[in-house]
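Please look through the structure below with the following explanation at hand, which moves from the whole chain to its confidence values and then to a single residue.

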Amino acid sequence: MIENAERLPASILTGFLGSGKTTLLNRILHHEDMANTAVIVNEFGEVGLDHLLVETPDETTVLMDSGCLCCTILGDLVQTLQTLLAKRMTGAVPAFEHVVIETTGLADPASILQTLIAEQDVTKYFVLDSVITVIDAVNGVGQFDTHFESVKQAAVADRIVISKTDLVGDGQLDGLLARLAEINPSAEIHRAVMGGIEPAKLFGAGTADKDLSRWLVAGARKHEPGHHHNIQTFSVSHNAPIDPAGLQLWLDLLGSYRGPNLLRVKGLLNVAGRPVVVHAVQHLFHQPVALDDWPDEDRSSRIVFITHGIGREDITGTLKALDFKPVGPADGSSMDPQNYARFLSVVKGFENSSG
């Protein structure tokens, strides 16, 4: 059994049709750093692995000469991950140390993200590492204008790989970079021709604290709403330490009332004096994670939002929920009337902010 502290990192590789995602995956699977990696793809044929295969344990799993393990999705992602883990535990497949999940070109990666951060049968054994999105330098801007799926793929990314940069001039590339700055200023951007990039640049983001400082810095800058699709990135802060009950109330109400429009949320909160990381995709919030130490001298709570159709004011209007404290009889038999009135006021504030 894998303990929580030993959960296996799982990354998502996404990108719109024709972006070069399959080329990138095929290229990095040759790299020695990927030898202990399990890759979940939609169809083996799409990735073109025939020349890499050395063994076929069953009809859904193959081993490659690079040491990678490749499998197709069985029913749903939860079942696939459980089956893969069971094979790892019994020795039916090599003891992989990392999982990469490739989405289809038209996929909204939110559902996979939600599985990795909120599905208990998955989070016991796997932890979300990084979301890598491949974007075509030639067609990327046009796809943003016509396919909202491509916008969401860029918005949720930790790392963005711009492909086919050898086919465009500086002006076209600058235009794409400007659009990416609108959609997701927190993402780390790389360029790759024919999938040529070191895997170490793409994996190892981590949900706890490794990339959090970059998110907080980027989110604190002022950004204009995204072109056409009203994608916004902004941060909010809260100075007073937060009671755990206030945090739970805020997360529950935020997910319930504003969830569909929250593309991705990352934050560092002061919960009773301790640094706690929150991470969300739409209505699902990852279980808050306490850090050993603060990353800097700032002790305020700071949360970065990437949203669709929600402005900063909509979120700041909900922050009074963080001040909620459960005050009542020691036996917990009932809530103090004044505190209950404050609770109703907080809920009403969420209802009003939802329009």
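Of the 355 residues in the protein chain, 52% count as buried, a term that stands for under 20% relative accessible area, with exposed meaning over 50% and partly exposed lying in between (1.4 Å probe, protein chains only). The chain exposes about 15,400 Å², of which carbon and sulfur atoms supply 50%; accessible areas come from the Shrake-Rupley method with a 1.4 Å probe, and for residues only the protein chains shown count as cover.

This is a predicted model, in which local features need pLDDT of at least 70 and side-chain atom pairs count only at pLDDT 80 or more, while totals for chains, interfaces and linings use all residues. Residues are numbered from 1 along each chain as its sequence is written, and side-chain values use heavy atoms, with hydrogens and water left out.

The mean pLDDT (the predictor's confidence in each residue, from 0 to 100) is 80 for the protein chain, and 77% of its residues reach 70 or more. Over residues 49-57 pLDDT stays under 50, although the model has 25 contacts beyond four places in sequence for this stretch, a contact meaning heavy atoms within 4.5 Å. Where pLDDT is low, the predicted coordinates should not be read in detail.

His-283 counts as partly exposed because its relative accessibility is 44%. Leaving aside residues up to four places away in sequence, His-283 touches Gln-114, Gly-255 and Gly-259. Between His-283 and Leu-263, which are 20 residues apart in sequence, the C-alpha to C-alpha distance is 9.2 Å.
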